[in-house]
Amino acid sequence: MDKLRGKQEAVTALVEAEKGSRANLDQVVGYLQEIMKSDPNFAQSVEKLASEIQHESLCWS
C-alpha cells in the first residue's frame, strides 16, 4: 500500500495483521481511516473495494 509507505509503524502493523494479529489489524484500520479522511479519492477507492469484497463474500455464502 503506497499510502502506508514511509510510516514504518503502519507497515509493521500491516505485516503483522497479514499473519493474523487482530490488534495490528485494528491499527491498520486506524491508519487507513486517517488517510481516507484526508484523501477523498482514496476513500472512494477503499469504499468501492470493500463493497466488491462484501458482494463477493455474499455470493460465496
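Is Glu16 buried, exposed or partly exposed? In this predicted model, Glu16 is partly exposed, with a relative accessible area of 29%. The side chain of Glu16 meets that of Lys19 in a salt bridge, with a distance of 3.3 Å from N to O. Lys19 itself is exposed, at a relative accessible area of 63%. Glu16 is also one of the residues touched by Asn24, a residue of helix 2.

Helix 1 comprises residues 8-18, and within it Ala10, Ala13 and Ala17 are buried. Viewed down the helix axis, the buried residues of helix 1 fall within an arc of 65 degrees, so they line one face of the helix. The face turned away from that buried side carries Gln8 and Glu18, both exposed. What do the buried residues of helix 1 pack against? Their partner is helix 2, which spans residues 22-38. Ala17 illustrates this packing: apart from its neighbours within four places in sequence, Ala17 is in contact with Asn24, Leu25 and Val28. After helix 1 comes Gly20, which has a positive phi, near 110 degrees.

When residues up to four places away in sequence are not counted, Asn24 touches Ala13, Glu16 and Ala17. Is this polar residue, Asn24, buried or exposed? Its relative accessibility is 17%, below the 20% limit, so Asn24 counts as buried. The side chain of Asn24 has a polar partner in that of Gln27, the two being joined by a polar contact of 2.8 Å.

The side chains of Arg22 and Asp26 meet at 3.3 Å, N to O. Both residues lie in helix 2 and are four residues apart, about one turn of the helix. Arg22 counts as exposed at 57% relative accessibility, whereas Asp26 is partly exposed, with a relative accessible area of 41%.

The largest nonpolar core has 10 residues, namely Leu4, Ala10, Ala13, Ala17, Val28, Leu32, Ile35, Met36, Phe42 and Ala43. Helix 1, helix 2 and helix 3 are the elements that give two or more residues to this core. Which element provides the largest share of the core? That element is helix 2, with four residues. The three buried alanines of helix 1, Ala10, Ala13 and Ala17, are among the core residues.

Helix 3 covers residues 40-59, and its length can be checked against expectation. At 1.5 Å a residue, its 20 residues should span 28 Å; the end C-alpha atoms are 29 Å apart, which agrees. At the start of helix 3, a side-chain oxygen of Asp39 reaches to within 3.2 Å of the backbone nitrogen of Asn41.

Asp39 is placed in the loop between helix 2 and helix 3. With a relative accessible area of 18%, Asp39 is buried. Which residue forms a salt bridge with Asp39? The partner is Lys3, the closest N and O atoms being 2.5 Å apart. The pair links distant parts of the chain, 36 residues apart: Lys3 belongs to the segment before helix 1, and Asp39 to the loop between helix 2 and helix 3. In contrast to the buried Asp39, Lys3 counts as partly exposed at 35% relative accessibility.

The surroundings of Lys3 extend beyond this pair. Leaving aside neighbours within four places in sequence, Lys3 is in contact with Ile35, Asp39 and Phe42. Of these, Ile35 and Phe42 belong to the largest nonpolar core. The C-alpha atom of Lys3 is separated by 9.4 Å from that of Tyr31, a residue 28 places away along the chain.

In total, the model contains five salt bridges. Among them are the pair of Lys3 and Asp39, the pair of Lys19 and Glu16, and the pair of Arg22 and Asp26 within helix 2.

Methods
Residues numbered from 1 in each chain as written. Predicted model: local features only at pLDDT ≥ 70, side-chain atom pairs only at ≥ 80, totals over all residues. Heavy atoms only, no water. Buried < 20%, exposed > 50% of the residue type's maximum accessible area, 1.4 Å probe, protein only. Arc of directions from axis to C-beta. Contact = heavy atoms within 4.5 Å. Polar contact = N/O pair within 3.5 Å; in protein donor to acceptor, adjacent residues only side chain to side chain. Expected span 1.5 Å × (residues − 1). Core = buried A, V, L, I, M, F, W, Y, C linked by side-chain atoms within 4.5 Å. Salt bridge = Lys/Arg side-chain N within 4 Å of Asp/Glu carboxyl O.
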